[in-house]
Amino acid sequence: MIAHLPLAALVVVVASALNVTSAGARPGPAAATIADAPARRAPQQFRGPEAWAAVDIDGRPWSDRRLRGRVVLLDFWATWCAPCLDDLPRLKRLHAQHASRGLTIIGVSLDRSSLRDFRSWLQRQGIAWPQVREIGLYDSPLARAFDVQAIPASFLFDREGRLQATSLRGEALDRRVSALMEAR
């Protein structure tokens, strides 16, 4: 039955099932947002692609092999995605705190805007980490390789290139990145 509902109705069904209000909080004294939900560990059946590679909007190549020795957060997002935009201040803080210590954030944008408009938007927002532009939305090569079906979607890799967690947001993202940065 749910498969035939329009997206707006599906959001209402999911929010109702989770008992989430329009403000994103659950009723009660200890209100929590979905962003503060515990991080989902990488499921056993999905370990990420064996290898991945992409080229950012500046023509720089990125790959799992090239990033060995660094903690990597692959963040699938778009400028039209409200939850993705909510995550930007946190990603900026993580980048500022940990980039010099070995954290690489790579944004994978599913935007369809022109490259010129996208670069302008990034500059206005002060986004300094590499951006890969996948204009095929969920059918783009990287989105298919990582089985991305909704955004925001994140994939956190340790320094050995092993997938450690998916769909990290909020404080869970902070804690997990910090733990991986401290691990040597």
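Tutor: Helices are DSSP runs of H or I with at least four residues, strands are DSSP runs of E with at least two, and both are numbered from the N terminus. This is a predicted model, in which local features need pLDDT of at least 70 and side-chain atom pairs count only at pLDDT 80 or more, while totals for chains, interfaces and linings use all residues. Residues are numbered from 1 along each chain as its sequence is written, and side-chain values use heavy atoms, with hydrogens and water left out.

Student: How many helices and strands does the protein chain have?

Tutor: From the N terminus on, the elements run α-β-β-β-β-α-β-α-β-α-β-β-α. The protein chain therefore has, under the definition of these runs, five helices and eight strands.

Student: Over which residues does pLDDT stay under 50?

Tutor: pLDDT is the predictor's confidence in each residue, from 0 to 100. The protein chain averages a pLDDT of 79, and 73% of its residues score at least 70. Where pLDDT is low, the predicted coordinates should not be read in detail. The stretch that stays under 50 is residues 1–45.

Student: Is the disulfide of Cys81 and Cys84 right-handed or left-handed?

Tutor: A disulfide is a pair of cysteine sulfur atoms within 2.5 Å, and the sulfur atoms of Cys81 and Cys84 are 2.4 Å apart. Both Cys81 and Cys84 are buried, where buried means under 20% relative accessible area, exposed over 50% and partly exposed in between (1.4 Å probe, protein chains only). Because the torsion about the S-S bond is about 75 degrees, the disulfide is right-handed.

Student: How are the rings of Phe76 and Phe155 paired: stacked, tilted or edge-to-face?

Tutor: Rings of Phe, Tyr and Trp (its six-membered ring) pair if their centres lie within 6.5 Å; planes under 30 degrees apart count as stacked, over 60 as edge-to-face and the rest as tilted. The structure holds seven aromatic pairs. With centres 5.7 Å apart and planes at 80 degrees, Phe76 and Phe155 are therefore edge-to-face.

Student: How many residues apart are Phe76 and Phe155?

Tutor: Both Phe76 and Phe155 are buried. Their pair links distant parts of the chain, with Phe76 in strand 4 (residues 71–77) and Phe155 in strand 7 (residues 153–157), and the two are 79 residues apart.

Student: Which residues form one aromatic cluster?

Tutor: The rings of Phe146 and Phe155 have centres 4.8 Å apart and planes at 50 degrees, so this pair is tilted. Both of these residues are buried. The members of the cluster are Trp52, Phe76, Phe146, Phe155 and Phe157.

Student: Within what arc do the buried residues of helix 3 fall?

Tutor: Phe118, Trp121 and Leu122 are buried in helix 3 (residues 115–125). These buried residues line one face of the helix, whereas Arg116, Gln123 and Arg124 on the other side are exposed. The arc is that of the directions from the helix axis to the C-beta atoms.

Student: What is the omega of the peptide bond from Ile151 to Pro152?

Tutor: Most residues other than glycine have a negative phi, and most peptide bonds are trans. Pro152 lies in the loop between helix 4 (141–145) and strand 7. The bond from Ile151 to Pro152 is cis, with an omega near 5 degrees.

Student: What relative accessibility does Asp147 have?

Tutor: Asp147 also lies in the loop between helix 4 and strand 7, and its phi is positive, near 55 degrees. Asp147 counts as partly exposed because its relative accessibility is 47%.

Terms used
Contact means heavy atoms within 4.5 Å.
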